[in-house]
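Here is a short tour of one protein structure. Keep the sequence and the 3D view side by side as you read.

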Amino acid sequence: MRRGDAKGLTRTIIERFAEGGVRWQTGEVVIVSPDRLLIHDAYLTDIESCLLTVGGRPRYPEKVVIAFDHAVPPSTVVQANSLVKGLSFVRDQGFPYSYPFEGICHQVMAERGHFVPASLVVATDSHIVSAGAFGTLGIAISPVEAVEVMVTGKTWLTIPELVEIEITGELPGGVSAKDLSLLLLRLVGGETATGKAVELWGSAVEDMGVDGRLTFCTMMAESGCFSALMFPNRAVWEFLQGRLDDSTLEVVKQDFLKLLGSRAESPPDLRVDCSSLGPQVAAPFGPTNVHDVSELEGERITQGFIGSCAGGRYEDLAIAAQVLRGKRIPPNARLIVNPASREVAIRALRSGVFEILYEAGAIILNPGCGLCGGFHQGLVADGDVMISTQTRNFKGRSGSSSARIFLASAATVAASVLEGVICDPRRFLEP
Amino acid sequence: MIIEGRVWRFGDNITTDAIIPAHRKQEHRDMVAMARFLFEEMRPGLTSEISPGDLVVAGVNFGCGSSREAAAAILKAAGVGGILAKSFGRIFFRNAVNVGLAVLALDTDGIAEGARLRVDFRTGKVQVLGTGEERWGKPLPRFLLEVAEAGGLLTYLKVHGDYRLSG
């Protein structure tokens, strides 16, 4: 069998949700009924007016998850009106899974048990690829398709080619899943994984905690891939304890064990060892423009951001606190922090992480997407140079189009803001 | 679906932000009103020069970056009849088909700005008018062609009532 046409976990999951017989040819169109549809406030107005045009009512409101994360709290009257309209739409349609102000949609999906191993979810957001952390197939769709999923319960997919990546070794101290994901983007670039189903294996993947996995899979979206999947590990099953009821969890585990045999037998397309990896930084203006931090050290920084679906998790806030403990951010720099969810924020509050960050002078904002998408609060000015844990650094993404954005791990961001220049965070992390 | 029109030529890795910046999407709701901001940074004023049915021709990864649906919708609203590129951003590709914009993947090297093409999206045949040159692209699967031809997913489903895969 040709390598790219190997069945793999991705196609096995698609098969579970596809209508009719499937012939497994790459490029073939199949109709699927996903378990969940995720939508958020950035598209709610469009979806609402589209639903009105179609004249249908959502047939499966219990399949829909709605998060308000991109423009909350609102910064303009347009955003405020949009929010209020969106909240009443949700109420009128009777959607049971609505999470206003709980945090970033993908983090909330994980926390509330909507990322179930071997299930299929679709979303009006490219970073739904993050679902792969749980062995859940997450596919991005357009708002028009979201309306059709609400009304018909179905959408179309084309069968993708498979790319297998094996990551071996152990991440060195001070180097995180975020750095590893940036390395992967450097290696697969804009072409290798475009439109393809990525499957990730190896000891480094097996060892990754839930926070790291979610961040890693989120960043894989920047390769243009169809999806990214990891086999659930012990950390995932532990995380799901209490978030899925016990009987469901047991069934899901058993179902997943049966899928073990679907791993393709041939050697991986790419093998990477991460044992000597150093911190990585993506330079303007693309997330695949990745360099070792040593190549960019000394670059002046005016703002740092710790947040987004690729860097606002507890692990990220905690390591930033490690770097900043007992220190003070210099007056010429700003550090903005948006925890990925209310749950993350409560944990950071109780563990003392927030106290350390506040003492250091960080500006701590609400759970949500924050400045990443350029909607509100903390936008960059003309000539600003920001180092950020966000997902993308296209020109003009988070404010002024003359600002430059570098992407890095939370540790690198904290250290760089402290020093006023891009720097290796490891000297701040000595035990 | 056969389209004949003038080529508006672009390079590689054209992002959805280049097609229409995020802030324009926030400022305006109406696609027709927004259409004049198409390629605002790269080729300002382009929309006023486009004749209905003209073709956008590009290199690799056309429509990469953010998943914003407005990028596909605005191309359609501006009168673009179809897009030819070496490859497409995955979500842009979905958005294009779903709003009724025909797309075709083929080697676009040598297809120049200002050339006139006749494109049969069903067969993938591309003729450069006035030269006798012929190229072949990889046509969309039948179902997706039907969605694009119907004018997009909403119209398709209104007409057919359900997703109909042939064969």
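## Ground rules

This is a predicted model, where local features need pLDDT of at least 70, side-chain atom pairs count only at pLDDT 80 or more, and totals for chains, interfaces and linings use all residues. Residues are numbered from 1 along each chain as its sequence is written, chains are lettered from A and ligands numbered from 1 in the order in which they are written, and side-chain values use heavy atoms, with hydrogens and water left out.

Helices (H or I, at least four residues) and strands (E, at least two) are DSSP runs, numbered from the N terminus.

## The sheet in chain B

Start with chain B. Seven strands form an open sheet there, in the order β4-β3-β2-β1-β5-β6-β7. Its pairing is mixed. Two strands pair if DSSP finds at least two bridges between them. The edge strands are β4(B) and β7(B), residues 133–136; each has a single partner strand, so one side of each lacks a neighbour in the sheet. On average, neighbouring strands are turned by 30° against each other, direction ignored.

Now look at one pair. Strand β3(B), residues 82–85, pairs with β4(B) in the parallel sense over four bridges. Here Ala85(B) stands opposite Ala105(B).

## The sheet in chain A

Chain A has an open sheet of four strands, in the order β10-β9-β8-β11, with parallel pairing. At the edges stand β10(A), residues 227–230, and β11(A), residues 270–273; each has a single partner strand, so one side of each is left without a neighbour in the sheet. From one strand to the next, the twist averages 20°.

Strands β8(A), residues 162–168, and β9(A), residues 197–201, pair in the parallel sense over five bridges. The bridge partner of Val163(A) in β9(A) is Val198(A).

Two packed helices are described by the angle between their axes and the distance between the axes. Axes are lines fitted to C-alpha atoms, for helices over the stretch in contact, and angles run from 0 to 180 degrees between N-to-C directions.

Take α2(A), residues 41–54, and α5(A), residues 143–152. Their axes come within 9 Å and cross at roughly 55°. That makes α2(A) oblique to α5(A). (Angles under 35 degrees count as roughly parallel, over 145 as roughly antiparallel, 65 to 115 as roughly perpendicular and the rest as oblique.) The crossing of these helices is right-handed. A crossing is left-handed if the near helix is turned anticlockwise from the far one by less than a right angle, and right-handed if clockwise.

Next come α12(A) and α14(A), residues 353–360. Their axes come within 9 Å and cross at roughly 50°. So α12(A) is oblique to α14(A). This crossing is left-handed.

## A pocket and a cavity

On a 1 Å grid over the protein atoms alone, a cavity is a set of points where a 1.4 Å probe fits but cannot get out; a pocket is an open set with protein on both sides within 12 Å along at least five of seven lines; lining residues have an atom within 4 Å of a point. Grid points are joined across faces, edges and corners, and a volume is the space filled by probe spheres set on the points.

The second largest pocket has a volume of about 890 Å³. It is lined by 29 residues. Gly195(A), Phe88(B), Phe93(B), Ala105(B) and Lys138(B) lie nearest its centre. At least two lining residues each come from β7 (155–158) of chain A and from α6 (90–99) and β4 (102–105) of chain B.

The structure holds one cavity of 30 Å³ or more. About 30 Å³ of space lies in the largest cavity. Which helix gives the largest share of its lining? That is α8(A), with three residues. Among the lining residues are Ser176(A), Asp211(A) and Glu315(A).

Most residues other than glycine have a negative phi, and most peptide bonds are trans. Chain A has some exceptions. The peptide bond from Val72(A) to Pro73(A) is cis, with omega near -10°. Pro73(A) sits in the loop between β3 (64–68) and α3 (77–93) of chain A. The bond from Pro284(A) to Phe285(A) is also cis, with omega near -5°.

Phe101(A) has a positive phi, near 65°. It is found in the loop between β4 (97–100) and α4 (105–111) of chain A.
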